[in-house]
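Hi,

Here is the structure I promised to pass on. Have a look at it first, and then read on for what turned up when I went through it.

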Amino acid sequence: MALRNTAALIFFVMMVLSGVCLGDVYRVGDYDGWTSRGLVDYNKWASTKEFHVGDTLIFAYNSQYHNLMQVTKQDFESCNITAAITVYTSGSDTVTLKRPDHYYFLCGAPGHCQAGQKVDIKVTLPIPQSSLASPNPAPQGSLPSDSHPSSNPSSAPTIYFSKLGLAVTTLVPCLLSVVL
């Protein structure tokens, strides 16, 4: 019985903590979704967001009329639909952004890419909260224009502490219920 409780506790802890480093979720095109009706300027939509490694994109569309293709930059610029990296057709596709890079997506239905149904998603590493709160001070004798903090994000893993707090808050009552 103790082994089963321990296994259940370990499983629960793993499930709770797996949410610690998950990123944000974005529905591409917000309410309008992935469509060619001219309702959304997808690159303008993307330019108002900061996408980071670990974030998830949801492409919601009518699969009778649209699809989703991940393509290279060259194929994105020319709306070439013959050489996709990946093709999605479910109508509710999720894509997790796994590395810092540009991700290029377009609709492969004839004329849809040319009508603007394409998006360039620029993904960066998350910036640790500590570097946002306290930028590095300028060295003595330097001019203010020379005192820019590094624009290169840290390559160290980042834990989102608000999610860690939620995980710990959820974990403690569970541990108490198993122990007591």
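Let me start with the inside. The largest nonpolar core holds 22 residues, and Trp34, Phe51, Leu57, Phe59, Phe105 and Ile121 have the most contacts inside it. By nonpolar core I mean a set of buried Ala, Val, Leu, Ile, Met, Phe, Trp, Tyr and Cys residues joined through side-chain atoms within 4.5 Å; buried is under 20% relative accessible area, exposed is over 50%, and partly exposed is in between (1.4 Å probe, protein chains only). Two or more residues of this core come from each of H2, strand E3 (56–60), E7 and strand E8 (118–124). The element names are DSSP runs numbered from the N terminus, with helices (H or I) of at least four residues and strands (E) of at least two. A second, separate core has 7 residues, among them Met69, Phe76, Cys79 and Cys113.

Before you zoom in, some housekeeping. This is a predicted model, so local features need pLDDT of at least 70 and side-chain atom pairs count only at pLDDT 80 or more, while totals for chains, interfaces and linings use all residues. Residues are numbered from 1 along each chain as its sequence is written, and side-chain values use heavy atoms, with hydrogens and water left out.

On confidence, the protein averages a pLDDT (the predictor's confidence in each residue, from 0 to 100) of 74, and 59% of the residues score at least 70. Residues 11–20 stay under 50, with 13 contacts beyond four places in sequence in the model; a contact means heavy atoms within 4.5 Å. The pLDDT is also below 50 over residues 137–176, a stretch with 32 contacts beyond near neighbours in sequence. Where pLDDT is low, the predicted coordinates should not be read in detail.

Now the sheet. It is open, has 5 strands in the order E2-E8-E7-E4-E5, and its pairing is mixed. Two strands pair if DSSP finds at least two bridges between them. At the edges are strand E2 (51–52) and E5, each of which pairs on one side only. E4 runs antiparallel to E5, joined by 3 bridges, and leucine 68 stands opposite tyrosine 88 in E5. Another 3 bridges join E4 to strand E7 (residues 101–106), again antiparallel. Across that pairing, glutamine 70 stands opposite phenylalanine 105 and valine 71 has tyrosine 104 as its bridge partner. In a regular strand the side chains alternate between the two faces of the sheet. In E4 (residues 68–71), Leu68 and Gln70 point one way and Met69 and Val71 the other, and all are buried.

Rings of Phe, Tyr and Trp (its six-membered ring) pair if their centres lie within 6.5 Å; planes under 30 degrees apart count as stacked, over 60 as edge-to-face and the rest as tilted. The count comes to 7 aromatic pairs. Tyrosine 26 and phenylalanine 51 make an edge-to-face pair because their planes are at 65 degrees, with the ring centres 4.8 Å apart. Phenylalanine 51 is buried at 2% relative accessible area, and tryptophan 45 is buried at 7%. Elsewhere, ring pairs link Trp34, Tyr42, Phe59, Tyr103 and Phe105 into a cluster. Beyond four places in sequence, the contacts of phenylalanine 59 include Trp34, Leu68, Phe105 and Val119.

Last, a few loop residues. Which residues other than glycine have a positive phi? Aspartate 30 is one, at about 50 degrees, and cysteine 79 is another, near 55 degrees. Aspartate 30 lies in the loop between strand E1 (25–27) and helix H2 (42–47) and is partly exposed at 40%. Cysteine 79 sits in the loop between helix H3 (73–78) and strand E5 (86–88) and counts as buried at 12%. Threonine 35, in the loop between E1 and H2, is buried at 8%. Tyrosine 31 is placed in the loop between E1 and H2 and is exposed at 74%.

Cheers
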